[in-house]
Amino acid sequence: MNVDQWGRNIEPTAPGVELSAHSLLLEPRETYDRARAGVVQADGVIVAAYDVGRLQAALIEVENCTPEESAEWVAYNVIDSWAGPHTPVIQVDVSDRVER
């Protein structure tokens, strides 16, 4: 079972499941929609999922941030932001991380 930073149980959805009108999306959509990774269930609530690497890449491209600035911005403004049960899930690829 996968759990997000808020302790929600994250599970995949069936193909074709759509977001509800209550689902939150990152704004501006012109910048962040390119980072959408799909739709998941977070404690039974259908929410948007974003890829952290693609979020950072979008900031680098659109806002002309450095990689360090984009990582810091995403960590503070997205990953650490709780907006209720419809808060999007941020997916992080941990396969390339090394234990220290």
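Trainee: Where is the place of serine 20?

Mentor: Let's start with the words. Helices (H or I, at least four residues) and strands (E, at least two) are DSSP runs, numbered from the N terminus. Serine 20 sits in the loop between β2 and α1. This is a predicted model, where local features need pLDDT of at least 70 and side-chain atom pairs count only at pLDDT 80 or more, while totals for chains, interfaces and linings use all residues. Residues are numbered from 1 along each chain as its sequence is written, and side-chain values use heavy atoms, with hydrogens and water left out.

Trainee: Is serine 20 buried, exposed or partly exposed?

Mentor: Buried means under 20% relative accessible area, exposed means over 50%, and partly exposed lies in between (1.4 Å probe, protein chains only). Serine 20 has 34% relative accessibility, so it counts as partly exposed.

Trainee: What about threonine 13, buried or exposed?

Mentor: Threonine 13 belongs to that loop between β2 and α1 too, and with a relative accessible area of 19% it is buried. A polar atom of its side chain lies 3.1 Å from the backbone oxygen of valine 39. Contact means heavy atoms within 4.5 Å. Not counting residues up to four places away in sequence, threonine 13 touches Val39, Val40, Gln41 and Ile46.

Trainee: What is the order of the strands in the open sheet?

Mentor: Strands of a sheet pair through backbone hydrogen bonds, either parallel or antiparallel. Here two strands pair if DSSP finds at least two bridges between them. The open sheet has 5 strands in the order β1-β2-β3-β4-β5, with mixed pairing. β1 (2–3) and β5 (89–91) are at the edges with a single partner strand each, so one side of each has no neighbour in the sheet.

Trainee: How many bridges join β3 to β4?

Mentor: There are 6 bridges, and the two strands run antiparallel. Valine 39 stands opposite alanine 48 in β4. In their hairpin, with 2 residues between the strands, aspartate 43 takes a positive phi near 55 degrees. β2 and β3 are antiparallel as well, joined by 3 bridges, with glutamate 11 opposite glutamine 41 in β3.

Trainee: Which strands does helix α2 lie across?

Mentor: For angles, axes are lines fitted to C-alpha atoms, for helices over the stretch in contact, and the angles run from 0 to 180 degrees between N-to-C directions. Helix α2 (residues 52–63) lies across β3, β4 and β5, at about 55 degrees to β4.

Trainee: How many residues has the largest nonpolar core?

Mentor: A nonpolar core is a set of buried Ala, Val, Leu, Ile, Met, Phe, Trp, Tyr and Cys residues joined through side-chain atoms within 4.5 Å. The largest has 12 residues, including Leu26, Leu55 and Ile90. The elements giving two or more residues are β4, α2 and α3 (67–79), and α2 gives the most, with 3. Leucine 55 touches residues including Leu26, Tyr50, Val74 and Ile90, not counting residues up to four places away in sequence. A second, separate core has 6 residues, among them Val40 and Val89.

Notes
A polar contact is a pair of N or O atoms within 3.5 Å; within protein, one must be able to donate a hydrogen and the other to accept it, and residues adjacent in sequence count only if both atoms are side-chain atoms.
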